[in-house]
Amino acid sequence: MRWLPLILLLLLSACGSTPTHYFVLTPDATHPAAGAMPGLSLEINMLRLPKYLDRPQIVSHSSNNELVLAEHAQWGGKLRDNMMRLLARNLGDALGTTQIAIAPYRPSEPAMVRVMVEVLRFERMADGVVQLDAQWRLIDGRSGRTLVARISRLHGAGKVDGWEETTRSMSRVFGRFSREIAREIRRRFHAPSG
């Protein structure tokens, strides 16, 4: 009988605990390929994240300088791996090719284009708008020459609230970023529009 208060306390604390929700970034299927490039081969060679994003918790800003880690809203796996797979999927969809390798796996022959991305910022800001800043390069897979080196700064369409809306907005922003890279690849390799 003396254990009854302790058991009741444990039951009450278990009932009041907040469950953790897990999220992933998803493809934006609203933008079909403008013309298939089935002969094009790509390698997603690198995608780096800042250390503060390389964690299970989803990160947002409560002010310009303060980061908030969401203990009960986490990524369903490593964010970097999710972003690399999603970039491959988005580029494949936008360019109409399935010849895409994701590091550390290398294609048997050098890919025509290697894609390298360094994410500088990717989170919901204090104003509620998702922001993605990323530096990226396209490398000629055969010569090793840099074809393009650019910094992209993209924002969500508007203020979002809650983690479901935030991750949906992040997926859309990352889809726009992927299409920006795809347009440059298409321009460099003179794909027919269809």
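## Basis of the model

The structure is a predicted model, in which local features need pLDDT of at least 70 and side-chain atom pairs count only at pLDDT 80 or more, while totals for chains, interfaces and linings use all residues. Residues are numbered from 1 along each chain as its sequence is written, and side-chain values use heavy atoms, with hydrogens and water left out.

## Overall fold

The chain has three helices and eight strands. Helices (H or I, at least four residues) and strands (E, at least two) are DSSP runs, numbered from the N terminus. In sequence order, these elements follow the pattern α-β-β-β-β-α-β-β-β-β-α.

Contact means heavy atoms within 4.5 Å. Of the contacts in the chain with a separation of 6 or more, 70% are between residues 24 or more positions apart.

## Surface and burial

A residue is buried under 20% relative accessible area, exposed over 50%, and partly exposed in between (1.4 Å probe, protein chains only). Of the 194 residues in the chain, 43% are buried.

The chain exposes about 11,000 Å², and carbon and sulfur atoms supply 54% of that area. Accessible areas come from the Shrake-Rupley method with a 1.4 Å probe; for residues, only the protein chains shown count as cover.

## Ser 60 and its surroundings

Ser 60 is located in strand E3, which spans residues 57-61. Ser 60 counts as buried because its relative accessibility is 4%. When residues up to four places away in sequence are not counted, Ser 60 touches Glu 66, Leu 67, Val 68, Glu 123, Arg 124 and Trp 163.

## A cis peptide bond

Most peptide bonds are trans. The bond from Ala 103 to Pro 104, however, is cis, with omega near 15°. Pro 104 lies in the loop between strand E5 (100-102) and strand E6 (113-124).

The structure holds nine salt bridges, each defined as a side-chain nitrogen of Lys or Arg within 4 Å of a carboxyl oxygen of Asp or Glu. In one of them, the side chains of Arg 48 and Glu 118 meet at 3.2 Å, N to O. Arg 48 belongs to strand E2 (residues 42-48) and Glu 118 to strand E6, so this pair ties together parts that are 70 residues apart in sequence. Arg 48 is partly exposed at 44% relative accessibility, and Glu 118 is also partly exposed, with a relative accessible area of 26%.

Another salt bridge joins the side chains of Arg 150 and Glu 184, again at 3.2 Å, N to O. This pair links distant parts of the chain, as Arg 150 is in strand E8 (residues 146-155) and Glu 184 is in helix H3 (residues 163-188), 34 residues apart. Arg 150 is partly exposed, with a relative accessible area of 33%, whereas Glu 184 is buried, with a value of 6%.

Arg 168 forms a salt bridge with Glu 164, and their closest N and O atoms are 3.3 Å apart. Because the two residues are four residues apart in helix H3, Arg 168 and Glu 164 are separated by about one helical turn. Both partners are partly exposed: Arg 168 has a relative accessible area of 41%, and Glu 164 has one of 47%. Elsewhere, salt bridges that share partners join Arg 150, Glu 184, Arg 187 and Arg 188 into one network.
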